Amino acid sequence: MPRLLERVNFPKLVTVLAAIFGIALGACGLTALVGARFNGASVLPLGIVELVVMVLSAVGLLISLTVWGVASALGKTAAGGPDTIRLFDDSDKTKS
Amino acid sequence: MIPVGSHPVWHPVFESLGYVTGYAVFRRLRAGRGDVIDEPQRWTVIAAAAVGAVLGSRLLGVAEQWPTALAALRAGHLMALLLSPGGKTIVGGLLGGWLAVEVVKRVMDIRRRTGDLFVIPLCIGIAVGRIGCLLAGLADDTYGKPTSLPWAVNFGDGVGRHPTQLYEILFLLALAFILSPLMALPEGRRFRIFLGSYLAWRTAIDFLKPQPLVLGMNLIQWACVAGIGLLGVLAWFDLHSARRRMPAHAALT
């Protein structure tokens, strides 16, 4: 799991998915409004495409964030944690 | 009256162009002037900003249209709430992105100020996105109140309105010029001046928009006031800590 952090660039993936989700979210609402005002005959297919993009990017975003969080946590644990405090430093004993 | 009409299809096009342009400007600035953090940390900051911005913009966007949102909630129309038109706001995006970045920086122990590199890209990106808001016309919630001024725009209903989107584009271009990297500022100051200026601008310009009011202002204006208050508290803390450091520094010299 920690190796996943090296293989996948989670920050870039999350950024792209968040941007796509944001655009689809706004576009979908706008198309729904236009559809409601003009009976939706000409904009309905576009609305469906936007809805599919919105749902897929939202699911992808959630999965990416979860996997990134879990991989980061496991990576920290595997590395012993950067903030581990050694109460008894016995490195001097080896010198004598 | 200047005829513009309402073309909502252009909104996502210009919104996407805004992201692309903002990112291109960011890359150019980062390559030219360097960065205070390394690339993996920068991308983590960008990811936090993006996720926080999406959440913040949607939450405040839906809250801004609270009568519609409340009616949809009461009727159990979650789909209508989810797809409510417009439903995103730059103020929510900026505040959400800013808070998310601060949280992630705290978790990752990043102590440098990271927002300065975003200032010019944000100004340019938002300005490009606002062209889409202008072209979307009545389908977007960013149009102004009726006016008889010679530069009033007609979004297709025969009513002359304030082109508030154009006002904002001009404001952002002026702000980008004032806060250009040519102007020397301490680390982090550029972003805070940008954020404070934009929030103050939105507090003022939103009086020209026909939005539902709560105690005399719309929810975006209240969010702006809260953001300005938070910036004020942070500035006070900075000043306080700088004053505390000063005697110790003076004693050493």
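**Strands, a helix pair and confidence**

In chain B, three strands make an open sheet with mixed pairing, in the order β1-β2-β3. Strands here are DSSP runs of E with at least two residues, helices are runs of H or I with at least four, and both are numbered from the N terminus. Two strands pair if DSSP finds at least two bridges between them.

This is a predicted model, in which local features need pLDDT of at least 70 and side-chain atom pairs count only at pLDDT 80 or more, while totals for chains, interfaces and linings use all residues. Residues are numbered from 1 along each chain as its sequence is written, with chains lettered from A and ligands numbered from 1 in the order in which they are written.

β1(B) runs parallel to β2 (residues 153-154) of chain B, and two bridges join them. B:I2 has B:V153 as its bridge partner in β2(B).

Now the helices. In chain B, α1 (residues 10-33) packs against α6 (residues 119-136) at about 170°, with axes 7 Å apart. Axes are lines fitted to C-alpha atoms over the stretch in contact, and angles run from 0 to 180 degrees between N-to-C directions. α1(B) is therefore roughly antiparallel to α6(B), a label for angles over 145 degrees.

Last, confidence. Chain A averages a pLDDT (the predictor's confidence in each residue, from 0 to 100) of 75, and 57% of its residues score at least 70. Where pLDDT is low, the predicted coordinates should not be read in detail.

Note on methods. Angles under 35 degrees count as roughly parallel, over 145 as roughly antiparallel, 65 to 115 as roughly perpendicular and the rest as oblique.
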